[in-house]
Amino acid sequence: MHKDLYGNGPAALVCKPGHCLFSLMEQQELIPHLFRTEFRKITAVLCKLFGMEHIEIAEDIASDTFLSAVETWSFKGLPANPTAWLYAVAKNKAKNYCSHHAVFTQKVAGQVQAVTTVEEIQVDLSEENITDSQLQMLFAICHPAIAVEAQIGLSLRILCGFGIDEIAGAFLTNKETINKRLFRAKEKLRAERIPIEFPPPAAINKRLETVLTTLYLLFSEGYYSESQDTVLRKDLCIEAMRLTYLLIENGQTNLPQVNALMSLMCFHASRFEARMNKQGEAVLYHEQDEQLWNHDLITQGTYFFNQASTGASISKYHIEAGIAYWHTIKADTKEKWESILQLYNQLLQLEYSPIAALNRTYALSKANSKQEAIAEAEKLQLTDNHFYYTLLGELYKGIDNQKAKNNYQKALGLAKTRTDRHTIQKQIDQLV
Amino acid sequence: MNDFLFIFRTDYGAMPTGTPEEAQAATKKWMDWVAGIAAQNKLVDRGNRLKTTGAVLRPNNIITNGPYTEIKESIGGYTMVRASSLEEATELAKGCPILQMGGNVEIREVNPL
């Protein structure tokens, strides 16, 4: 597992005696790493302190801190404790900003309890306040009033410290679009006067629904993204897992559905290395090399799944984690597919989605029969979905190869990405 | 798209009391059938089975005890689906496991208030 998932302790970055003269190369790697781990912490703490209407000031001060680091460190060399250095500089910059902007300070001081003068504004970058601020920001950003797409963008920027370039890369769009999207989202946060606070106990379950949906989509964005940038996609998954873990670490949000989501992410992430070959082509599940599956992640997924198995209600994350669990067992047994089929049956009754309908029909072919699955598949009529025709192609294979081929051809016509077209073409070639 | 209610009727007396395995197989048939409707995004409410106990209230506070399960066609459960016509709803009802147990499905369009 990525070392960042559990707490990304800055201790690992503190120079050991005698190792303080980092080479330029190390410095070049260290700054982006620190940016990724520390930018979001400084931003969250400052946002919490200043309030959501000053989110840009918080971001600017955090960015400015890193700019100073690049300038100073390349000139003077690395400080003994780079993280502490960043925090000290961020604190000073925040104080300077306040003393130079009296109007702003008065506004902020009015909000911060018992603070009346600039000197009294304390920037608390303790581990505890960082965690609290990040959690509260997570609830503020994942607010039902904000569009889901904007929630994901803001989460990536504010909570994960992604650059605009990276966010654009993940969404396969340009910087301008992302900037606009983030700008509108921040406007909305201000307009709705969304407070940066932990929801009251009675509201946690309801508010968690939106938070979990966003984290689920953030993970899916990384897992299923059409972006060719594997490192970036993996980072997205790791960040979604880190934020989910933040909820698990907090007593009030360490709830069954959160553990179920974490479990689901671990099980899926375990196949990350096996899903793509060296040429960057997708490797289908049944063709994957089991040796490449990450067994530590499977073990952790099982742990969180057990943690999720308390309480009376079953969320869609529980069901999906169950399906993902069965996929960590490679052997094609009757029991496996019958279990997967019944889980999909349950999932569809809880919440319809075309992909669940298609996957359920595939499981039906494995658990019952191809003939039964074909009859059910023909009823779905998801005629604008290339996965629909891919499924029909797969089901007709060995039963009516001409029909299989026709369906694959239709899938090929609908598929949008190079990877998908390549995968479908391979199926057609195998039929001839 | 309109909502349609499926009312399942069967002769309770004639229902076999099977082994746990048979009960499980019966549950699977129901689950596979209902999920097949859900997979077409046409399930509104899976509904429920009904217990055999019950009562009927008549005018003048006359309460008669159930169950009415001795009669050939007593209501055993219900499900709500979504369809564009009675024909389509009837098509969805085909494959209902109750048909293999000598029962029937009554299909009624909901008339919203």
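**Close-up views of a predicted two-chain model**

**Figure 1. A salt bridge joins the side chains of E338(A) and K28(B).** The N to O distance in this predicted model is 2.9 Å, a salt bridge being a side-chain nitrogen of Lys or Arg within 4 Å of a carboxyl oxygen of Asp or Glu. The rule finds one salt bridge across the interface of chain A and chain B. It also finds seven residue pairs in polar contact there, with both residues at pLDDT 80 or more. A polar contact is a pair of N or O atoms within 3.5 Å; within protein, one must be able to donate a hydrogen and the other to accept it, and residues adjacent in sequence count only if both atoms are side-chain atoms. On the side of chain A that touches chain B, α14 (334-350), α15 (354-367) and α16 (370-380) each supply at least two residues. The largest share, seven residues, comes from α14(A). Helices (H or I, at least four residues) and strands (E, at least two) are DSSP runs, numbered from the N terminus. By residue class, this side of chain A has six nonpolar, five polar and four charged residues. Ala, Val, Leu, Ile, Met, Phe, Trp, Tyr, Cys and Pro count as nonpolar, Asp, Glu, Lys and Arg as charged, and the others, Gly among them, as polar.

As to conventions, this is a predicted model in which local features need pLDDT of at least 70 and side-chain atom pairs count only at pLDDT 80 or more, while totals for chains, interfaces and linings use all residues. Residues are numbered from 1 along each chain as its sequence is written, chains are lettered from A and ligands numbered from 1 in the order in which they are written, and side-chain values use heavy atoms, with hydrogens and water left out.

**Figure 2. Chain A and chain B bury about 1,100 Å² between them.** Of this buried area (the accessible area, with a 1.4 Å probe, that two parts lose on being put together, summed over both), 54% is on carbon and sulfur atoms. The contact (heavy atoms within 4.5 Å) takes 15 residues from chain A and 12 residues from chain B.

**Figure 3. The second largest pocket is lined by 30 residues.** Closest to its centre are A26(B), T27(B), W30(B), R49(B) and M101(B). The volume of the pocket is about 1,000 Å³. On a 1 Å grid over the protein atoms alone, a cavity is a set of points where a 1.4 Å probe fits but cannot get out, and a pocket is an open set with protein on both sides within 12 Å along at least five of seven lines; lining residues have an atom within 4 Å of a point. Grid points are joined across faces, edges and corners, and a volume is the space filled by probe spheres set on the points. In chain B, β1 (2-10), α1 (20-39), β2 (43-49) and β5 (74-83) each supply at least two lining residues, and α1(B) gives the most, with nine. The lining comprises 15 nonpolar, 11 polar and four charged residues.

**Figure 4. The largest cavity has a volume of about 50 Å³.** A search of the whole structure finds one cavity of 30 Å³ or more. The lining is formed by A282(A), V283(A), L284(A), E287(A), T423(A), K426(A) and Q427(A); three of these residues are nonpolar, two polar and two charged.

**Figure 5. K41(A) and E38(A) form a salt bridge through their side chains (3.6 Å, N to O).** The two residues are separated by about one helical turn, because they are three residues apart in helix α1 (residues 24-50) of chain A.
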